[in-house]
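Subject: Structure for your review

Dear colleague,

Please find the structure below, together with its sequence.

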Amino acid sequence: MSSSNPLDLRLPTPGCYADPIKAGIDADAVFDGMTEHLFFSLGKLATTASLRDLYMALSYAVRDRLMTRYLATQEAIRAKPQKTVAYLSAEFLIGPQLNNNLLNLGIQNEAEEALKRFGVQSLSHILEVEEEPGLGNGGLGRLAACYMESLASLQIPAIGYGIRYEFGIFNQLIRDGWQVEVTDKWLKGGWPWELPQPDESCFVGFGGRTESYIDDKGNYRSRWIPSEHAIGVPHDIPILGYKVNNCDRLRLWRADATESFDFYAFNIGDYYGAVEEKVASETISKVLYPNDGTDEGRRLRLKQQHFFVSCSLQDMIRSLEKRGLPIKDFPKHWTVQLNDTHPAIAVAEMMRLLIDQHHFEWEEAWEITNRSVAYTNHTLLPEALEKWDLNLFRSLLPRHLELIYEINRRFLQQVRLRYPGNDSILRKLSIIDEDGGKAVRMAHLATIGAHHVNGVAALHSDLIKRQLLPEFAKLWPEKFTNVTNGVTPRRWVGLSNPSLASLLDQEVGSDWITNMDLLKKLEDKENDHEFLNLFGETKLLGKRKLAGYIHRQTGILVDPSSLFDVQVKRIHQYKRQHLNALQIIAQYLRIKNNVNCEIAPRTVIFGGKAAPGYFMAKLMIRFINGIAEVVNADPDMEGRLRVVFLPDYNVKLGEQVYSATDLSEQISTAGKEASGTGNMKFAMNGALTIGTLDGANIEIRERVGPENFFLFGKTESEVMNLRNNGYQPSKYIDSSNELSESLRLIELGHFSNGDTELFKPLLNSLKGNDPFFVMADFDDYLRAQDDVSLAWKDKKEWNRMSLLNTARSGFFSSDRSIKEYCQSIWKVNPLSVEIKCDVQ
């Protein structure tokens, strides 16, 4: 092909890294890319473009610059086959993508300059337009997102597999103090970051029956004949690493019907019947975590799990076939990580694919499965360790149940050899729960099928071995390990706290963002008054920004100079937002009674969603808002106490909250929180923690120093002793005047407009069995809060403690976590991606 260049220069292939049209990263190139997409992709002129149009145009221009890296990464894996991480998770709470990709490309300033040419003076105006992807709910999904970003930044080949939820979980409104759930239509205006790949769709079956047959080699086999099918259509989201060429992908599956429209049904007037199959199939990927309080809700939830797991495993096997690699080498090319029990059906589905579709013998199929699968447990709560009713499971996945029976039979035979005559241990270890209604225990299936089982904090991993799965741990001690969670500093400091990030760049150099150990150099500044003031100023900037947001969203005026005391997380009794609420009442009474005038001026901020079917959690939200109404309207509280509940807490809002927090509330009952990751984000941003010895709090306290952490509460062993020896909440209520007075005020309806019945279920729980030991920890919690007030009076000392939290938080980077997974569980190596441009 002849060149059109009059100087006959050799030109790069269009779309390659050197192509200035699609890959240039200066302000001119970004501006040109935006102009092109406004015109050709969006059909708009710059003169009439809205802020959303400009957001879409900038996003498309940035996506163009990801594509070379995205495709080059796939080519590098094809050219040099090596093990790839397949991270299976029901949630990926990835948050807004534009600013994250600008940061990782290193072109935030260039993008801002390009926007100014369109009359937009700040990038923040465009970022406010971006919808949050409704792909997750809480810490589980956010952890998965942090891990995907760290995998790419560490140049580890990886694919995240999940579901493309059309409506996510829900948007949260607060009306009359109550949570109201409204549909999260996050896709309504189009989402520029996904790449549909319909040619790589997969078929998934449900229901039906199994039958036996003899294959052409005379072997006895079973086949599954499903009664219904769905098509899984993959949508790929590029996940770019920080200033590297590696761009991994998140592959999310959308459910489609095999036949969208029945013309015969339509023609005879059955209009619903004409689209019934389409509606039923597409329901699978509509909503994250359908309410499992009904039979249909539970059925849909199991369908979702099988759907995305089957699609993902089929996709992995197909990738081997496309590259001409033998399926028996699957463990050499894929390591499959189950992020909690939601994808645990992968053990049975992998066996089905290998035995039924690819005709492996049982022993070889089991070896392939066991060498490929690893399992992360995220909870000790029994209700979160999924168990499926046997009849439901059989009706939906009959072939899988046959395989699970056989897995269980072979496993229990091993147990009998180890523990002859011990029927009790057989019942404890069996995949099938025989107590009450029979059920399939998914955590047991995952543990038996996986080569490693890990917890997510040192205490949590120890409790898995001692309390949750002790018999398994004795049987296979080598299987069990710990990888403490981590969070990505790119989003949670670099993006969310630019003023702090800039100060860190100046002080320790810009490499801290990929090597958090460099922050230890900040310890040299702990007595530098001038630097401590600069450090404190970064916090004040964040607080002023959050105060503005609070006023715009809630109408509440808060003082940025007050102590910002924050508890943002999923609303749950074990996380004990009601303990925090009770201490607010105690502080309120102290001020009203003029008992303790040394209380630090505080703004107490809550945020988080309650599961729609979790009545007590929703009542806790109403309780907090009832307290806020009274406190914020009382003139005596002016300048001393404010209470705020932030509606619809999500990643986007979290980026403002973490940078603005002085005190991080991590007050779960000891032994209940697996790890937590919010605690890590707060510490990185210089918040001090008030907390129990639970989850990763223990490791945070060890790292930042006990003197820089406000500890309170019963330990896990003390809680266990209380539970085993007949815990009586009344003993603690009767011995504490402040607690009993606070409870009495609630009973009188002081925080419910005189309604003495409204909070009675909450009071009955606390005064009755108090399942999460709120009463037992109240006095010590109030003592720790007094320590906080005392420390806040000395701003220099507070800033010093805050600085040391940031300086010693490097261990909690998700980069460290991923390195540990790679070394101890996955056995995966980095793959550096080079960008090569052909010329013509």
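This is a predicted model: local features need pLDDT of at least 70, side-chain atom pairs count only at pLDDT 80 or more; totals for chains, interfaces and linings use all residues.

Aromatic contacts

A search of the whole structure gives 21 aromatic pairs. In one of them, the ring centres of Phe411 and Phe472 are 5.8 Å apart and the planes lie at 15°; because stacked pairs have planes under 30 degrees apart, this pair counts as stacked. Phe411 belongs to helix H15 (residues 398-418) and Phe472 to helix H19 (residues 470-475), so the pair ties together parts that are 61 residues apart in sequence. Phe411 is buried at 2% relative accessibility, and Phe472 is buried at 1%.

A further pair is formed by Phe623 and Phe759, whose ring centres are 5.2 Å apart with planes at 65°, so the arrangement is edge-to-face. Phe623 lies in helix H24 (residues 615-633), while Phe759 lies in the loop between helix H30 (737-747) and helix H31 (760-767); the pair therefore ties together parts that are 136 residues apart in sequence. Phe623 is buried, with a relative accessible area of 2%, and Phe759 is buried with a relative accessible area of 2%.

One aromatic cluster is made up of Tyr87, Phe92, Tyr147, Tyr821 and Trp826.

Lysines over tryptophan rings

Lys479 lies over the face of Trp476, at 3.8 Å from the ring centre. The charged end of Lys681 is placed over the ring of Trp492, 4.5 Å from its centre.

Strands and sheets

Strand E3 (residues 171-175) and strand E4 (residues 178-182) run antiparallel and are joined by five bridges. Ile174 stands opposite Gln179 in E4. E3 and E4 form a hairpin with two residues between them, and Asp176 in the turn has a positive phi of about 55°.

There is also an open sheet of three strands, in the order E13-E15-E14, with antiparallel pairing. Strand E13 (387-389) and strand E14 (432-433) stand at the edges with a single partner strand each, so one side of each is left without a neighbour in the sheet. E13 pairs with strand E15 (residues 439-441) over three bridges in the antiparallel sense, and Trp388 stands opposite Val440 in E15.

Cavities

The structure holds four cavities of 30 Å³ or more. The largest cavity has a volume of about 140 Å³. It is lined by 13 residues, of which Gln97, Asn100, Ala145, Glu149 and Ile239 are the closest to its centre. Helix H4 (98-105), helix H7 (139-153) and strand E9 (228-240) are the elements that give two or more residues to this lining. H7 gives the most to the lining of the largest cavity, with four residues.

With kind regards

Definitions and conventions. Residues are numbered from 1 along each chain as its sequence is written. Side-chain values use heavy atoms; hydrogens and water are left out. Rings of Phe, Tyr and Trp (its six-membered ring) pair if their centres lie within 6.5 Å; planes under 30 degrees apart count as stacked, over 60 as edge-to-face and the rest as tilted. Buried means under 20% relative accessible area, exposed over 50%, partly exposed in between (1.4 Å probe, protein chains only). A charge sits over a ring if NZ of Lys or CZ of Arg is within 6 Å of the ring centre and within 35 degrees of the ring normal. Two strands pair if DSSP finds at least two bridges between them. On a 1 Å grid over the protein atoms alone, a cavity is a set of points where a 1.4 Å probe fits but cannot get out, and a pocket is an open set with protein on both sides within 12 Å along at least five of seven lines; lining residues have an atom within 4 Å of a point. Grid points are joined across faces, edges and corners, and a volume is the space filled by probe spheres set on the points.
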